[in-house]
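Thanks for asking me to look this one over. My notes follow as numbered points, with cut-offs given where each term comes up.

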Amino acid sequence: RPLFVMAVVGGSSNSLSGNNNSSSSLVTSGTNVSVPRVALEWFSAGVGCALADTLFNPLEVLKVRRQVLLSGASPAAVPAAGTGGMGGGGAPSTYQLASSLIRSEGLVMGLWQPGLLATWMRGLSYTGFRIGLYPTVRDAVQLDSAPLLGRILAGGMTGAIGSVVFNPVDVVRIRMQTPNPPASTWQAFGIIAREGSGGKVSLSSLWRGWHASAARAATLSGSQLATYDSIKKPLRENFAFLTDAQGNETPLLHSFASLMSGFVAQTVTMPFDTMKTLIMADRTGSSSLEVMRRAMVAGGGVRVLFAGYVPALARQGPVMVVQMPIVEQLRKCVGLDYM
């Protein structure tokens with residue numbers, strides 16, 4: 001896997017606006033600094049995604065907690081679930097879940113802080129990789145007869161590869177957002193590495209659920225980036241208020257395209273998202289199939305795969321509206337064109 005990633009990064013050329021230079025120049029204090037283009041693409045996407053994910057981390061926490069709770073995997077998904085105004089048993093609604101966490105732990109500690117460091121790490125690594133390298137891969141696999149398919153393939157490739165390589169970060173992030181997390185993000189890596197292996201360090205534990213995570217990432221990245229990339233042109237041509245006086249792209253156009261792509265991506269991805277969360281949140285060392293079997297039984301069948309859809313969609317739409325415009329503007333700041 002590392003060799004494949006190195007081949008994609010090392011052998012990539014500039015895919016934007018027909019410019020085939022593999023590096024770009026930054027000007028710092030009057031000095032030209034040559035930086036590989038893929039590094040700038042990764043950097044701009046990673047920083048933009050980390051900033052956006054920080055704003056909407058509470059919705060991610062609610063989504064993870066609700067997925068775990070509805071699956072029956074953790075009876076302690078919220079403090080005193082079924083009490084404290086939750087209606088005396090049963091799975092709480094998203095609103096009830098948020099209210100309970102805020103009452104018991106406060107807004108910051110209950111909703112914003114869980115998994116925040118791991119969220120930054122994930123944004124700078126996996127998300128930066130899948131979005132940042134998309135333009136390069138898109139043009140490398142260009143299909144003139146089926147451009148949409150080429151975009152889906154490019155997004156799917158960067159999503160799947162990034163997900164597999166950075167899987168440990170995702171496992172730790174989800175663990176830190178579940179009930180009773182480890183004391184620190186760094187401690188979580190060691191705890192997870194020793195689970196299901198008799199106390200011995202096993203790196204395979206950090207790659208648990210990589211197949212479900214890769215499937216989720218491929219569908220998310222393929223649907224999101226292909227939709228975003230494809231919808232920008234018709235929006236630009238048919239809605240003048242989304243462009244500037246010269247007909248060029250604007251942050252408002254990026255926001256509209258992002259909102260549409262976020263809705264498509266979350267709907268397509270939701271079943272894989274739930275599977276990934278449940279497998280990565282499991283603390284028993286059970287196989288992925290056993291984890292999903294228990295979840296199906298406890299959650300009433302396949303409907304459990306859409307557990308947390310409302311908070312997930314509530315997060316995905318706004319986060320995309322913020323995320324992609326930030327990424328696009330950061331690309332311009334470091335001397336790159338829009339995606």
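**Notes on cores, cavities and a helix**

1. The largest nonpolar core has 15 residues, and those touching the most other members are Ile131, Tyr134, Leu225, Leu235, Met324, Val327 and Met339. A nonpolar core here is a set of buried Ala, Val, Leu, Ile, Met, Phe, Trp, Tyr and Cys residues joined through side-chain atoms within 4.5 Å. Buried means under 20% relative accessible area, exposed over 50%, and partly exposed in between (1.4 Å probe, protein chains only). Two or more residues of this core come from each of α2 (37-55), α7 (134-140), α11, α12 (251-281) and α14, and α11 has the largest share, with three. A second, separate core holds 14 residues, among them Val68, Ala118, Val172 and Ala188.

2. A word on the basis: this is a predicted model, where local features need pLDDT of at least 70 and side-chain atom pairs count only at pLDDT 80 or more, while totals for chains, interfaces and linings use all residues. Residues are numbered from 1 along each chain as its sequence is written, and side-chain values use heavy atoms, with hydrogens and water left out.

3. For the overall picture, the protein has 14 helices and two strands; these are DSSP runs (helices H or I, at least four residues; strands E, at least two) numbered from the N terminus. Of its 339 residues, 50% count as buried. Among contacts (heavy atoms within 4.5 Å) with a separation of 6 or more, 72% join residues 24 or more positions apart. The accessible surface is about 14,600 Å², and 66% of that belongs to carbon and sulfur atoms; the areas come from the Shrake-Rupley method with a 1.4 Å probe, and for residues only the protein chains shown count as cover.

4. How many cavities of 30 Å³ or more does the structure hold? There are two. A cavity is a set of points, on a 1 Å grid over the protein atoms alone, where a 1.4 Å probe fits but cannot get out, and lining residues have an atom within 4 Å of a point. Points are joined across faces, edges and corners, and the volume is the space filled by probe spheres set on them.

5. The largest cavity has a volume of about 120 Å³. Its lining has 15 residues, of which Arg122, Arg130, Leu220, Arg315 and Gln316 are the closest to the centre. At least two lining residues come from each of α3 (57-71), α6 (116-132), α11 (210-238) and α14 (309-333), with α14 giving the most, five. By type, the lining has four nonpolar, three polar and eight charged residues (Ala, Val, Leu, Ile, Met, Phe, Trp, Tyr, Cys and Pro count as nonpolar, Asp, Glu, Lys and Arg as charged, the others, Gly among them, as polar).

6. The second largest cavity holds about 30 Å³ of space. Its lining is made up of Asp53, Asn57, Glu60, Thr119, Arg122, Arg173, Gln177 and Arg315, with α3, α6 and α9 (167-177) each giving two or more residues. This lining has no nonpolar residues, three polar and five charged.

7. Why is α9 described as largely enclosed by the rest of the structure? Because 11 of its 11 residues are buried; they include Asn167, Asp170, Arg173 and Arg175.

8. Finally, please look at Val322 in helix α14. Val322 counts as partly exposed because its relative accessibility is 22%. Beyond its neighbours within four places in sequence, Val322 contacts Ala52, Leu55 and Phe56. Its C-alpha atom is 8.8 Å from that of Cys49, a residue 273 places away along the chain.

Note on methods: 1 Å grid on protein atoms, 1.4 Å probe; cavity = no way out; pocket = protein on both sides within 12 Å on 5 of 7 lines; lining within 4 Å.
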